[in-house]
Amino acid sequence: MIQLLMVKELWLELNKMFKVIKTSKKNQARLCEISTPHGKIRSPFFMPIATRGAVKNLTVDELNDLGSQIVLSNTYHLLIRPGMKIMKKVGGLHKFMNWSKPILTDSGGFQVFSLAKHRKITKNGVHFSDPQSGEKYFITPKKAIQIQQTIGSDIMMAFDECPKYPCTKKYAKESLELTTKWAQLCKDQKLKSKNKQLLFGIVQGSIYKDLRIESAKQLAKIGFDGYAIGGIAVGEPRKYMEQILKWTIPELPQKKARYLMGVGKPEEIIQAVKNGVDMFDCVIPTREARHGRLYVWTGRSEPQLTSESKQRLRLTQRAWNFYKTINITNAKFVNDLTPINQTNLKPYSKAYLHHLFRTNEPLGMRLATLNNLNFYLMLMSKIRELIRVGDI
RNA sequence: GGGUCGGUACUCAAGUGGUCAACGAGGGCUGACUGUAAAUCAGCUGGCUUUACGCCUACGGGGGUUCGAGUCCCUCCCGGCCCA
């Protein structure tokens, strides 16, 4: 009987959607495992962005080679193109884009912010007009979930309003009330379906402490599979980021994933990890790659994951001097025959990449993207190891 | 040889008397990018300097007309086309 109970407990433990494997003794950093319909993911992790069902310039084979555990796609963009008809027909985004690992879909909430000129918010949802075609779309919380169900993402995001900065407290409060109300509607919609997709709520509240705390509490009360912190990096001074994390995270359930949306630079990611964040996404590595900015490790060689080297110390330093960025289009790289990096792009020189950018060869953006995602994913891998060995 | 059209900054190319150091495009140089309307966007791109509604030097060469010329006239040089 006791054995049976133990087996049952073990079984429950093994099937937990979210497991904390190790917590740092120095700060809030933690190593976790998230289970999704398409497999388990080790956190802290970074999600390369595949807004329209493709990480720009890369194939899924390349993403796998880079070690990407998950990608992020977007409800709004996929709704407009290719549309849900084909998505239903093909059986979801995984099949459509030939990606078999987890997918997280943003809900379109960020487009409320980024497409501010092309949308109108009402209490029931948001009217969008596609900037390209002018076609009109009305997204409600219920629809946002239905679309994400059709897409078949492993992690769905609640439909939120992401307010801009600066934002008056009055507006932030009203916006938050709407976001909370919508979060409940998203949850209701999710419960109608039997599928095992996870659903995350999104904390808002701009830069106001009481609103952030209130938001986190309300979402925790509704109950989600994970909690995101949104409304960050929308123009506010950077000092607010850590503050918001410190206000918010204590209010969120310990045993659920925490996701800092849209962040960020390597040092911001490390800071957030230390504050207890598990998940990240950002356009920086991919977009900046296309614009010629490369992330490179400083020091003689790139970090070896097995070494106890100085790289470990650098990563945990406050000065964030473990990396730098270079603009490969700069004239100084014309004759620089050193490798782009020492890992996945060793055979290609900086001078060659410089030349590819100068001549507008598409391969340039591909190589730059491969470099930057390699950097970001390696950074996350390094962070996980540092937590595991207790160095962070 | 005659006629004709043209020669503008790194390149192409606007400009037909003042507001032209000279539109625009490309190229070059440098930035910026944070849940992607982003292979995008911004600034600079004759020299000097106190970076300024400042001073020089500049629109094939030379010479005129004019208060003032990239713009009008003369001439020379060079190029395209047509006629001999």
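**Close-up views of a predicted model**

**View 1. Ile-269 sits in helix α11, residues 266-274.** Helices here are DSSP runs of H or I with at least four residues, strands are runs of E with at least two, and both are numbered from the N terminus. Is Ile-269 buried or exposed? It's buried, because 22 other C-beta atoms lie within 10 Å. (Buried takes 20 or more other C-beta atoms within 10 Å of the residue's own, exposed 12 or fewer, partly exposed anything in between, with C-beta atoms placed from the backbone.) Skip the neighbours within four places in sequence, and Ile-269 is in contact with Val-263, Gly-264 and Phe-280; contact means C-beta atoms, placed from the backbone, within 7 Å. Asp-281 is 12 residues apart from Ile-269 along the chain, and their C-alpha atoms are separated by 9.6 Å.

A word on the model: it's predicted, so local features need pLDDT of at least 70 and side-chain atom pairs count only at pLDDT 80 or more, while totals for chains, interfaces and linings use all residues. Residues are numbered from 1 along each chain as its sequence is written, chains are lettered from A, and ligands are numbered from 1 in the order in which they are written.

**View 2. Helix α8 spans residues 169-191.** Its 23 residues reach 33 Å from first C-alpha to last, close to the 33 Å expected at 1.5 Å a residue (that's 1.5 Å times one less than the number of residues). Among the buried residues of α8 are Leu-176, Trp-182 and Cys-186. What do the buried residues of α8 pack against? They pack against α7 (141-151), β11 (198-203) and α9 (209-222).

**View 3. Strand β11 is covered on both faces.** Leu-198, Phe-200 and Ile-202 are buried on one side, and Leu-199, Gly-201 and Val-203 on the other. Six of the six residues of β11 are buried, so the strand is largely enclosed by the rest of the structure.

**View 4. β11 pairs with β10 and with β12.** Pairing takes at least two DSSP bridges between two strands. Strand β10 (residues 155-157) runs parallel to β11, joined by three bridges, and Met-156 has Leu-199 as its bridge partner. Strand β12 (residues 226-229) is also parallel to β11, over four bridges, with Phe-200 opposite Gly-226.

**View 5. β11, α9 and β12 form a right-handed β-α-β unit.** Right-handed means that, with the strands pointing away from the viewer, the path from the first strand over the helix to the second runs clockwise.

Terms used
Contact = placed C-beta atoms within 7 Å.
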